[in-house]
Amino acid sequence: MVTLTSPVPQRRRRKIWTESRVGLTMLIPGIVLIVVFMLIPFFYSVWLSLHVEIVGSNIPIRSVGLLFYRHLFTDPIFRGIFLKSLENNGIFALVVVPVQTGLAMFLAILVNRNGAFVKFCRTTFFLPVVFPMVLTSLIWKAILAPGPAGMLNAALRVVTFGHFTPQYWLGNVHLALPSIIVLSIWQGTGFQMVIFLAGLQGIPSSHYEAALIDGASRWHLFRDVTLPGLRNTTIFVVMVTTIFSLQVFDQVYLLTQGGPLNATSSVMYLAVSQAYVANNVGQGAAISVVLSFIILLLSLIQRQVLRERVD
Amino acid sequence: MSEIVLRDVSKIYDNGYHAIHNIDLEVKEGEFMVVVGPSGCGKSTLLRMVAGLETISDGEISIGGEVVNDLTPGERDLAMVFQNYALYPHMTVEKNIGYSLRLRKLPKEEIKRRVAEAAEILSLTEYLSQRPGRLSGGQRQRVAMGRAIVREPKAFLMDEPLSNLDAKLRVQMRSEILQIQRRVGVATLYVTHDQVEAMTMGDRVTVLRAGVLQQCDTAQALYDRPRNVFVASFVGSPSMNLLYAELGPDGTSLRVGSQNLEVPDTLFAQRPNLRAYLGRELVVGIRPEDLTMAGDGQTLVGRVGHIEALGSELIVHFGLDARNYVVEDKGGSAEEAEELLEETALTQHVRNVARVAPRSSVVTGDQVPFRVSMERAHFFDLASGNAIW
């Protein structure tokens, strides 16, 4: 029999073990949360997307393989709705990401100073973030209400001296998605402004001072100090906004239910309405799995293209 | 090339804080002027006022004969080196150095030539295409210097440029900065809290305390003839021993605690004003190197505490039964002040220091006579703290 002796002394080994045990113990709450709220639901979705379950009936659950996935791309009607939703998400992201990021940066620079009025503005810009989406949607429903009594219609009538024809903002195929986009930007900009504010605070004042002494103008300061200093913040904001854009649901559900004619349907909305309205849980699950992979893929691509820099 | 002149310059902040009190200062063409003082003494504010990064409340600053009070920092044609170097992280070393030239829209060829020249002087040529993030502290420091010299400015301003470097590199960079300054020959205002740095680098040194200029002179003059007790204690390391003492009514003896020192007549010739202090209490200052263990003459007997053997000499801490005069607000950084306080609490009466020859036979706990060179002692007025000459 061969006896193995360890090169690490007994006591030291015990110490390492104790330390890693403490570390692991501390990790447990985090791991439990991730497993319970992320991993289990995800794999359950995958399982659901491969099975048929008629909720509330006693028909036994049965496996259908990739039926629901095939459905997405081959079913003549369903395919149309799915692709339209995907397209809406694409348009939504293409508009919201740059506009919201730019606007948030602009507002952050505007309010990145002291003073009572500035503080008031800062709070005001952030306010929509703390409103629940349900409340926001109710307010915007009133703003975008059809007919001459709708707030936006009435206001536009006043400023155009009555020349403006009242629009059915949420009921018009061409106006519904833009309306939702505007509302989303209004709601989301404040949060990103705060992130940009934090980024601005991280730029050392000596960088501005050095540039000033070198004879830089305001524009130079922005181009050569502020903008590069916000690089990592911007990358973060762009990635997060992209992910949010692909997951847009609340506004659609509360304001238009995907209508008119699927003009505002989003992939997330489609998934939820399939699962809970059409009682087609497997189909809903399949859509959310596909969406997860799309988001994962886009995030990976963005990460490759926009590398953060550590200085 | 030009000189920097401050005339009666004051700074009062909006909240009423009086940071700088009526300062007159002149940095001559090509001169290396160091402003030194404890943290919070206003030295950085002074520098930033010259740079135009702070407004001045009163007085006049001129550079090269031109009053610059109302000029923007960019219009003053100065170069400044910051404590954290303030290099642009997204630009290469080459772009960093050439930034000011690009702002001034100089021809590309000339920018390239001047950047290359600066890089050559600072041995940065091989790093030109790298970003500052990849450089060591010393290299970043050089890039910051490069950014300053490439401008060929009217004057250099440096705000504690060496305090982020480790001790060894700091000593090396001191001489590098001096060499470059000599080479460029531009008036330089250099701020530091480190009195050793100030003494070793400055053609002249200005000591600042609580926004008030204490003394401006060469390092040797500050050391030999400090104008007041603050300068005396701030300049020199270890710092001067300061003790309460009483001059005898006939002027032949000085009472320090329970001990008496004979006062030579020559002292009154050197310091005529000392006669006014006959029979009065004053502060006597003795530099650590003016206390020796060998030879005969006047001695002060003290109890030896801690001994630091530095090889070339021994730093002997000892206690006397005389009261020590404490200069407030003397320390460098906040941590140093804290350290000093702790040290004081620990050693109680062991607050005096002598620098004696190495291998002297001295043991902790001994009662040792320290020979005092009276003709090299300093005397200060108790109330004003001013030197008595």
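Q: Why is B:N164 counted as partly exposed?
A: In this predicted model, B:N164 has 15 C-beta neighbours inside 10 Å. A residue is buried at 20 or more such neighbours and exposed at 12 or fewer. The count of 15 falls in between, and B:N164 is therefore partly exposed.

Q: Where does B:N164 lie in chain B?
A: B:N164 belongs to the loop between β7 (155-159) and α5 (167-184) of chain B.

Q: What makes B:Q83, B:N84 and B:G137 contacts of B:N164?
A: Contact requires C-beta atoms, placed from the backbone, within 7 Å. With neighbours within four places in sequence left aside, B:N164 is in contact with B:Q83, B:N84 and B:G137. By contrast, the C-alpha atoms of B:N164 and B:G302 are separated by 39 Å, and these two residues are 138 residues apart along the chain.

Q: What describes the overall make-up of chain B, in secondary structure and in extent?
A: Chain B has ten helices and 20 strands. Its C-alpha trace spans about 75 × 45 × 40 Å along the principal axes.

Q: How many of the residues in chain B are buried, as a percentage?
A: Of the 389 residues in chain B, 41% are buried; the criterion is 20 or more other C-beta atoms within 10 Å.

Q: How do we know what share of the contacts in chain B comes from residues 24 or more positions apart?
A: Among contacts with a separation of 6 or more, residues 24 or more positions apart account for 72%.

Q: What divides chain B into domains, and how far apart are their centres?
A: The assignment gives domain 1 (4-232) and domain 2 (236-380) of chain B. The C-alpha centres of these domains lie 36 Å apart. The contact between them takes 14 residues from domain 1 and 16 residues from domain 2. On the domain 1 side, α6 (195-201) and α8 (229-234) of chain B each give two or more residues. The largest share, three residues, comes from α8(B). By class, that side of domain 1 has eight nonpolar, four polar and two charged residues.

Q: Why are β15 and β18 of chain B said to stand at the edges of their sheet?
A: The open sheet has five strands in the order β15-β19-β16-β17-β18 (chain B), with antiparallel pairing. β15 (291-292) and β18 (352-356) each have a single partner strand, so one side of each is left without a neighbour in the sheet.

Q: What makes β16 and β17 of chain B a pair?
A: Pairing requires at least two bridges. Five bridges join β16 (residues 299-309) to β17 (residues 314-319) of chain B, and the two strands run antiparallel. B:E308 stands opposite B:I315 in β17(B).

Q: How many residues does each chain bring to the contact between chain B and chain A?
A: Chain B brings 18 residues and chain A brings 14 residues. On the chain B side, β6 (78-81) and α2 (93-103) each supply at least two residues. That side divides into twelve nonpolar, five polar and one charged.

Definitions and conventions. Residues numbered from 1 in each chain as written. Chains lettered and ligands numbered in written order. Predicted model: local features only at pLDDT ≥ 70, side-chain atom pairs only at ≥ 80, totals over all residues. Helix = DSSP H or I, 4+ residues; strand = E, 2+ residues; numbered from the N terminus. Contact = placed C-beta atoms within 7 Å. Nonpolar A, V, L, I, M, F, W, Y, C, P; charged D, E, K, R; others polar. Domains from an automatic or database assignment.
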